[in-house]
Amino acid sequence: MMGGIILNNIIRFVLLIGLQVFFLKNIGFYNLSSPFLYILFILLLPFKIPNGLLFLLAFFTGLTVDVFYDTLGLNAAACSVLAFVRIIFISVTVQKEGFDNEPFPSLGIMGFRWFIFYAIILTFFHHLTLFSFETFYFSEFGYILLRTIFSSFFTILLMLLAEFIFFRKKLR
Amino acid sequence: MRNLWIFISKYNAFFLLIFFLVLSLILLVNNNSYQRASAWNSSNFMIGLAYQRVNSFTSYLSLGRTNDSLALENAVLRNRLKTSLFNDSIEQHEVTDTLTEQQYTYIVAKVINNSIHQKNNYITINRGLNHGIQKGMGVVSAKGIVGIVLNVSERFATIQSVLHSDTRISASVNGDIGSLVWGEGNYDPRLAILKDIPNHVIVKRGNKVVTSGYSLFPSGLEIGRVTRTGLKGGDSFLDIEIWLSTNFSNLQYVYVINNMFAQEQKDLETLNKTE
């Protein structure tokens, strides 16, 4: 069971990173909207993962993407923030005790409404951090916000697409 | 120590965030030239601001010393000033023109002595025989006429100012020629009297009075403007008061007019007298 979860996540990691750095990297609209689907990996990590491990995985995921994007540290920073927001969000909205046998927060398990909310919040904070550090001048906040909103929209669209393709209705 | 540990483990997510964020920012700044440049620039800005504040305070402490050094520098510069030296070079401008021949040249001179409150006023300038100044030359300022060269030495010359009871300058108002005098019942250094204009001529207040060209001056140089005009009892000439355009009280630089044809004219006119 445990080994299954790890294997699942490794496969998901390889697939999402591959998709991100070889395919989605080349997609974007006027430098305003560029998708970062790879964060779905961090979103779909199991509920019961310890905080330290979550941060470590998020950091290394970001670092892996950075290596391909030639922006060392940028995605790592954004993913660290993402991990923090994920911990806060889950602690506020989910009773961990009630999900002992629910391994990870996917669309099929948590329902559409919860998942879309979860995805929007986490994606927004990730993208905001990412574009803020990329621009590095907070005087251009309007531009940062615009890029964040457009890119979040794109990313969430792809996330929902991915979730619907691999939709597996799990019955409790 | 134990409490601190409990505190950290309770909010471990936050401290983990700080740790990983700082780690990634260090990576970001160290490995990306753009972010590095921005980070250094902003820190340079902060450091620059701090230095500026400190400097504006410390400069107060050395104010006395700064004043001393500035005063010293002023003294050194004053010694090098043109006014401290006797300038021997003449600035004389001539234009070579084949169509028209140059009749007048101007020699720049500095006023070194001046009086305006006497009955007969004289001006001394720092140009003399060495610089080509001769007796009888006209002197003007940037604004109007000043006087006539009276005596000349090697390096200096005295000028009989317009403010002199013997000065007569041929002046014209609206084409009618009269004689400019000063000191006949009028000792105001800003006013002069224009005489010998017949009383049928209409002269209005504000009319321009210029040199006529019959005297040492080129024609058309400004003298002043009419301030008052009227009849003097029983006389057939107008009594015109003129506001002089030259301010004699703050005269600094004057131009001595060298009439190249003066000698020729003088020689010719002396023939008339001998015959």
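How many residues does the contact take from chain A and from chain B? Color the two chains separately and take a look: 22 residues come from chain A and 20 from chain B. Keep in mind as you click around that this is a predicted model.

**Stop 1: the whole interface**

Show both chains together. Between them, chain A and chain B bury about 1700 Å², with 77% of that on carbon and sulfur atoms. What turns up instead is 2 residue pairs in polar contact, both at pLDDT 80 or more.

**Stop 2: chain A's side**

Now select α3 (51–69), α4 and α6 (112–135) of chain A. These are the elements that give two or more residues to the side touching chain B. Which of them gives the most? That's α4(A), with 7 residues. Color this side of chain A by class and you get 14 nonpolar, 6 polar and 2 charged residues.

**Stop 3**

Show the side chains where they touch:

- From α4(A), pick A:Leu74, A:Ala76, A:Ala77, A:Ser80, A:Val81, A:Phe84 and A:Ile87.
- From α2(B), pick B:Ala13, B:Phe14, B:Leu17, B:Phe20, B:Leu21, B:Ser24 and B:Leu28.

What kinds of residues make this contact of α4(A) with α2(B)? They divide into 12 nonpolar and 2 polar, with no charged ones.

**Stop 4**

Side chains of opposite charge can pair when their charged atoms come close. Here A:Arg147 forms a salt bridge with A:Glu134, and their closest N and O atoms are 3.4 Å apart. A:Arg147 sits in helix α7 (residues 141–165) of chain A and A:Glu134 in helix α6 of chain A, so the pair ties together parts that are 13 residues apart in sequence. Over all chains, the count comes to 2 salt bridges by this rule.

Key:
Residues are numbered from 1 along each chain as its sequence is written. Chains are lettered from A and ligands numbered from 1 in the order in which they are written. This is a predicted model: local features need pLDDT of at least 70, side-chain atom pairs count only at pLDDT 80 or more; totals for chains, interfaces and linings use all residues. Side-chain values use heavy atoms; hydrogens and water are left out. Contact means heavy atoms within 4.5 Å. Helices (H or I, at least four residues) and strands (E, at least two) are DSSP runs, numbered from the N terminus. Ala, Val, Leu, Ile, Met, Phe, Trp, Tyr, Cys and Pro count as nonpolar, Asp, Glu, Lys and Arg as charged, and the others, Gly among them, as polar. Buried area is the accessible area (1.4 Å probe) that two parts lose on being put together, summed over both. A polar contact is a pair of N or O atoms within 3.5 Å; within protein, one must be able to donate a hydrogen and the other to accept it, and residues adjacent in sequence count only if both atoms are side-chain atoms. A salt bridge is a side-chain nitrogen of Lys or Arg within 4 Å of a carboxyl oxygen of Asp or Glu.
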